[in-house]
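This report goes through selected local features and the chain contacts of the structure shown below.

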Amino acid sequence: MNGFSAIDIMLNPHDLTEILGQANTGGVHSTLLVNPHGALVAFSGYGDNAVRVKATISSNIWSAYEHSRHNAIDDDSLHCLIMSCQTGNVAIHHAGSSGLLLCMFADKTVGHGMLKAKIAAMAKFLNGPLNTIVVS
Amino acid sequence: MKKKVLLMGNLVLNLWDCGGQEAFMENYFASQRDNIFRNVEVLIYVFDVESRELEKDMHYYQTCLEAILQNSPSAKIFCLIHKMDLVQEDQRDIVFRDREDDLVRLSKPLQCACFKTSIWDETLYKAWSSIMYQLIPNVQELETNLARFAEIINADEVLLFEKATFLVISHNERRKHKDIHRFEKISNIIKQFKLSCSKVAASFQSMEVRNNCFAAFIEVFTSNTYVMVIMSDTSIPSELTLINIRNARKHFEKLEKLDKNRLNAGRQWRV
């Protein structure tokens, strides 16, 4: 029996952090991975220490919109959330099929289009490994 | 006096306490001999180092070996030279080597492994852990997989505990630790905690201990084991380690099931 094929379906912390860090350019200052309950799974960023709070709040906001879409006529699942805040912009995106969320925090200088393009690209890239793992 | 303990879900450990009383010993050898010595996989014989009747002790031991040779010749034999704390510290090695030589010689053609033990230090725990380790058929495979697991999740150390006894049955150390008594200490701490959980009718499931130097996770793993993961990189969020443990569970559970299928059906491990 090949004992290693199944055990490779896990996330190496170092690699994961490095991948997330690739988005932190041109005004994007942190990229996070959050589980459906709001717990921080991984992050890469600088100049920030309220990461866990941001993770929980992002997850909450996403859940709130997820719940309200049930009342909407359009049955498409929530795809991406872009928020314009006072001191910066935030994007939240599905990551994998088990409920993990990808979050990106950027300066006001980063346009919404750019933010959306970056997070969509990152989410697509992470779909492979994240689709195979069990989150809860 | 007899007691039964279930290990790893399907191994039955029978404990026969003769209490040093001759009547019991004679009885066991006479009327219960076949019952006790048939289908034995492991014999653990405990000697009191302070015993004044060495000849008699050896005689009973040899009688056991004869019964083993007749009924279960392929059994593994372990001898514990117990109460070593009563021997002066500088004498312990000499006394133990002496006894070990005698026992190895007397046990021929059977082979025996000897341990010096005491309830006052970690030697007893280590001896039982070593014995447990040898009872697991696919222990090498378990170790290889544990090593791979530890590497992927970037853990300092990963331990596997047997569920009922909390004996360490496998571990992988990626970063050296200077406290050699840590296994028994951890085992005792968890056992105490389990006890206090049961007093409020709650069953222990998991624990996370974290400070600025490390994070330790103790989780139910497979149906017969608990896992303990030590991470010294405290920047790694707890949830990531927990996700990894969850995902590894299925794999190790599969390993355990495979192991069970290799044992003969209905085979009882008599110890």
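## Backbone features

In chain B, Asn39(B) lies in the loop that runs between helix H2 (33-37) and E3. The structure is a predicted model. Although Asn39(B) is not a glycine, its phi is positive, at about 55°. Most residues other than glycine have a negative phi, and most peptide bonds are trans.

The peptide bond between Lys108(B) and Pro109(B) is cis, with omega of about 5°. Pro109(B) belongs to the loop between H4 and strand E5 (112-116) of chain B.

## A salt bridge in chain B

Over all chains, the structure has 13 salt bridges. One of them joins the side chains of Lys83(B) and Asp48(B), with an N to O distance of 3.1 Å. This pair links distant parts of the chain, as the two residues are 35 residues apart. Lys83(B) sits in the loop between strand E4 (76-82) and H4 of chain B, whereas Asp48(B) is in strand E3 (residues 42-48) of chain B. Side chains of opposite charge can pair when their charged atoms come close.

## Packing of H3 and H4

Within chain B, helix H3 (residues 54-71) packs against helix H4 (residues 92-107) at an angle of about 40°, and the axes are 11 Å apart. The crossing of H3(B) and H4(B) is right-handed.

On the H3(B) side, the contact is made by Leu54(B), Met58(B), Tyr61(B), Gln62(B) and Leu65(B). H4(B) contributes Arg99(B), Asp102(B), Leu103(B), Leu106(B) and Ser107(B). Of the residues in this contact, six are nonpolar, two polar and two charged.

## The interface of chains A and B

The size of an interface is often given as the accessible area lost when the parts come together. Here chain B and chain A bury about 2,000 Å² between them, and 66% of it is on carbon and sulfur atoms. What kinds of polar pairing are found between chain B and chain A? There are five residue pairs in polar contact (both at pLDDT 80 or more), while the count of salt bridges across the interface is zero.

On the side of chain B that touches chain A, the elements giving two or more residues are helix H6 (139-153) and helix H8 (238-262) of chain B. H8(B) gives the most, with 12 residues. By type, the residues on this side of chain B comprise 11 nonpolar, seven polar and five charged. In terms of contacts, 23 residues of chain B meet 24 residues of chain A.

Notes
Residues numbered from 1 in each chain as written. Chains lettered and ligands numbered in written order. Predicted model: local features only at pLDDT ≥ 70, side-chain atom pairs only at ≥ 80, totals over all residues. Heavy atoms only, no water. Axes fitted to C-alpha atoms, helices over the stretch in contact; angles between N-to-C directions. Helix = DSSP H or I, 4+ residues; strand = E, 2+ residues; numbered from the N terminus. Left-handed = near helix turned anticlockwise from the far one by under 90°. Contact = heavy atoms within 4.5 Å. Nonpolar A, V, L, I, M, F, W, Y, C, P; charged D, E, K, R; others polar. Buried area = accessible area lost by both parts, 1.4 Å probe. Salt bridge = Lys/Arg side-chain N within 4 Å of Asp/Glu carboxyl O. Polar contact = N/O pair within 3.5 Å; in protein donor to acceptor, adjacent residues only side chain to side chain.
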